[in-house]
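Hi there,

Here is the structure I promised to pass on. Could you load it up and follow along with the notes below?

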Amino acid sequence: MENQVPARIANILINALKGGVVPRVGLEYIAVGRAREIEAILHDIDMIADGGASARFIVGKYGSGKSFLLQTIRNYATAKGFAVADADLSPERRFSGTKGQGLATYKELIQNLSTKSKPDGGALPLILERWISGIQAAVKSETGAEDAEFDRLVEARIYEVTASLEGMVNGFEFARAVVIYWQAYNQGDDAMKSNVLKWFRGEYASRREAKTELGINFIVTDETWYDFLKIFAVFLVNAGYKGLLVIIDELVNIFKIPNSITRQNNYEKILTIYNDVLQGKAKHIGFLMGGTPQCIEDRYRGIFSYEALRSRLMEGHFSTDEIRDLQGPIIRLQMLTQEEMYVLIEKLRDIHARLFGYTPTLTHEDLVYFLTVEYNRVGADTHITPREIIRDFIELVNILHQNPDKSAEDILGGNSFELAKGGLSDEDIHSEFEEFEV
């Protein structure tokens, strides 16, 4: 597969990974491990498509591959016909706050709304127009009507569909905005279309402003943004999508809030989401939330400090690090094994070579030596992460490409090679990695 990586994707992969960030495209070319975790989440996605809902917490140390897994699922979901909204929490973006931090999270989610044909975000206008086009096509094929009669039938169908939203919390206003968008679309009124998009994105500062420009005496707020996501999920299904997947990373920013009441308010919003999912109050929507073990488990500041969440999320007595229940609400990521890391750096070696147009020179032994050096660093058994190893490896292949007279042994050091062996013979090293022989 590596030989098929387009140069543009290869460039994004190498640059992003060298910078320590997760690329948004091309992850399928470097995915290793995580098969069981991905399978569990994909089962959730199937349930969402059938009208269900889900909420999972993806928990892993910094650099363990948590964000990588979330992006992999994001790409899979859009390919399968879902709309995906993702956001990283920060001091300015939370589930709730006194300075509009919940609304800021909503704005980020809608700005990053992605679909298969619009994978980099900003898909809201496309979704609305696809919905209108779908209704127009259905009316045309069913009735053959034209001109004024056609417009009347289309508008009637639009009112029929939006009526299903009106029974939801804030659904009447949402449906009204959709109808206004259709009317602006039909009349070629780009200014009004822009106003409706502004309203959907939560960008109106006051209800008065929305009332003046749209005739809607309501706006998205810190208190209502989550209800709006639930309406969006149902609307997206009407527009031909399978549902809405919401990915929220960096829960650690809730853990870092110094004020205990503010933290509790955020945890209460998470509890609302989780309860809605379990009690069937949400449909066609899934939540994936990423965080570190500490921000989940800490009894003083973490999610487990909120008793109602702790009692719902805490594992039972039978799960261990080796035997895990992947159907539970928390999916804990173990570090990639050394064998999986070998497969990963082998892929990266070949992608780098393709990107810069040369034949790979690093041998099987070089790759094994590199990994052994990495894992023999002081404290590596508890602190080294795939992110660090990947950054080091890309630095190594960069240096070797820029200095063709050097070998891996020159860069890592002859002493390092001897130390890396740790007393192992070449035969032992080959045996350890024999299933990955180049």
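Leu244 has Ile285 as its bridge partner in strand β4. That strand (residues 285-291) pairs with β3 in the parallel sense over 5 bridges; two strands pair if DSSP finds at least two bridges between them. Strands here are DSSP runs (E, at least two residues) and helices likewise (H or I, at least four), numbered from the N terminus.

Before going on: this is a predicted model, where local features need pLDDT of at least 70, side-chain atom pairs count only at pLDDT 80 or more, and totals for chains, interfaces and linings use all residues. Residues are numbered from 1 along each chain as its sequence is written, and side-chain values use heavy atoms, with hydrogens and water left out.

Strand β2 (residues 83-88) also runs parallel to β3, joined by 6 bridges, and Ala85 stands opposite Val246. Is β3 (residues 244-249) buried or exposed? 6 of its 6 residues are buried, that is, under 20% relative accessible area with a 1.4 Å probe and protein chains only. Leu244, Val246 and Ile248 cover one side, and Leu245, Ile247 and Asp249 the other.

Now the helices. α1 (residues 7-18) and α15 (residues 338-356) pack at about 125°, with axes 9 Å apart; axes are lines fitted to C-alpha atoms over the stretch in contact, and angles run from 0 to 180 degrees between N-to-C directions. Residues of α1 including Ile14 and Leu17 meet Leu348, Ile351, His352 and Leu355 in α15, contact meaning heavy atoms within 4.5 Å.

Best wishes

How values were computed: Buried < 20%, exposed > 50% of the residue type's maximum accessible area, 1.4 Å probe, protein only.
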